[in-house]
Amino acid sequence: METNGGAASPDYRAAIAALAARTTHGVRFGLDRTRALLAACGSPHERLRALHVAGTNGKGSTCATIDAVLQQQGLTVGRYSSPHLIDFSERVLINGAAVSESQVMEWLVRHDADIDRLGATFFEATTAMAFDLLVQAGVDVAVIEVGLGGRLDSTNVITPLVAAVTAIGLDHREYLGDTVQEIALEKAGIFKPGVPAVIGEQDPAVIEVLTDAAQRAGASQIVITANELPIRSVQLTESGTEIELGDGTEPLRLTSSLIGAHQAQNVATAVAVLRAAGAPFVPSAVQLAAGVRATRLAGRFQRVGPWLFDVAHNPDGMATVAQSVRAITLPRPLAAVLCVLSDKDWRAMIDMLLPVLDQLWLTDAPTAPESRRWPLDEVFAYARDRAGDRCSVHAVPEFFAALNHARAAAATVLVTGSFHTVGDAMQRLQIDPLAG
């Protein structure tokens, strides 16, 4: 990927590699190191007006929608999200543009000693960097996406204008719990005293868990989007999603450029967050419609020529991909290039995907961590057994060969299974994740 008009410099690549190496120590929960590192930066998080969004699925789309609508109001908007697809700088955006290589390098040089002294992890250092760079940029508001969980996630050092939780599913169970209710409680850890809480989940049992958590946290207001902005209708097209939300006596009709029935839930959550934030963040009807239509987010059922990219990395996400494939007309044959990390429920994901495919190409993504590479021979045997005669299944360990084989054999190629899978494909195909 090119950064600032040229290829990333060797020094930049080395600095990011050194920062990424801090992930080898595993997940280390707790907020003390993040707070200490932010203190060394002058506590920028205390000067940041922010909207905080957690959830298993949909938080990226919700954040992107909020960002786009706020920009329509003429505001300077920062966004912090993770992970990135190709380049680290995608994690910190200002009005949709990535921070520069030089900004990242300067921050790392200035705070390298602090990171070492505190033993900060990759995500802790990245979070402190993001908050500091967004404050330096003078953003009017920042949209902050939780990394993992909520309660002990590094982003949870902020006191936001609004805290929101999107859809809950079974993911990261080794860290967050074995049930949807347990995971919901971890996500609800971002709710805070005196701060409006927005609940984007649609399942009544999970809504009850989140509502109880918001009440215990002392939220100033609890907005349940299923009640306030119920989904009346959703229509998928080849270019977006037409949505009608109940909104009092007058329905709210919006069109998102993001494709998928689940985008109605994400849009409803985004609208609820903006309204809960109050002036000057509540959009006019025109600003809202324009922002929802202008929303862009790479790797979310994104079509680029014959390629279709989706970062679905858990069964719920893959079920949504399959639902979207069924709902629109795609050129056939349809092939999928699939690589899932070994700690995900890849069997369930394959079961979701096979019925909508003509071909399945199983492979290994180059950037997938060695410790999390899935057992390709076992995966191939499972998928071939489950596919029967409905879908041809192939195992090609070399990623770029798998891409080439799939493209030669199919009219549409879906690349999915993880951020690594989609990012590696985009880099190979020279597709810029931040392009309009």
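Colleague: Which residue takes a positive phi just after α14?

Modeller: Gly388 does, with a phi of about 60°. This is a predicted model, where local features need pLDDT of at least 70, side-chain atom pairs count only at pLDDT 80 or more, and totals for chains, interfaces and linings use all residues. Residues are numbered from 1 along each chain as its sequence is written, and side-chain values use heavy atoms, with hydrogens and water left out.

Colleague: How do you know that the span of α14 agrees with its 12 residues?

Modeller: Helices and strands are DSSP runs numbered from the N terminus (H or I, at least four residues, for a helix; E, at least two, for a strand). The expected span is 1.5 Å times one less than the number of residues. For α14, residues 376-387, that gives 16 Å, and the end C-alpha atoms are 16 Å apart, so the two agree.

Colleague: Which residues of α14 are buried, and what makes them line one face of the helix?

Modeller: Buried means under 20% relative accessible area, exposed over 50%, and partly exposed in between, with a 1.4 Å probe and protein chains only. In α14 the buried residues are Leu376, Val379, Tyr382, Ala383 and Ala387. Seen down the helix axis, they fall within an arc of 125°, so they line one face of α14. The arc is taken from the directions from the axis to the C-beta atoms. An α-helix has 3.6 residues a turn, so residues three or four places apart point the same way.

Colleague: What does the face of α14 turned away from its buried side carry, and what covers the buried residues?

Modeller: Asp377 and Asp385, both exposed, sit on the face turned away. The cover over the buried residues of α14 includes α13 (346-353), β17 (359-362) and β18 (392-395). Cover rests on contact, which is heavy atoms within 4.5 Å.

Colleague: Which residues of α13 are buried, and what covers them?

Modeller: Trp346, Ala348, Met349, Ile350 and Leu353 are the buried residues of α13. Their cover includes α12, β16, α14 and β19 (412-416).

Colleague: What does Val139 touch, and why is it counted as buried or exposed?

Modeller: At 14% relative accessibility, Val139 counts as buried. Val139 is in the loop between α5 (122-136) and β7. Residues up to four places away in sequence aside, Val139 touches Leu48, Thr76, Val77, Gly78, Ile94 and Leu134. Val139 and Ile94 are 45 residues apart in sequence, and their C-alpha atoms are 7.5 Å apart in space.

Colleague: Which residue does a cis peptide bond join to Pro83, and which to Pro333?

Modeller: Ser82 is joined to Pro83, with omega about -10°. Arg332 is joined to Pro333, with omega about 5°. Pro83 lies in the loop between β4 (77-80) and β5 (92-94), and Pro333 in the one between α12 (315-327) and β16 (334-338).

Colleague: How many residues line the second largest pocket, and which element gives the most?

Modeller: A pocket is an open set of points on a 1 Å grid over the protein atoms alone, where a 1.4 Å probe fits, with protein on both sides within 12 Å along at least five of seven lines; lining residues have an atom within 4 Å of a point. The second largest pocket has 39 lining residues, of which Arg296, Leu297, Ala298, Pro433 and Ala435 lie nearest its centre. With seven residues, α3 gives the most.
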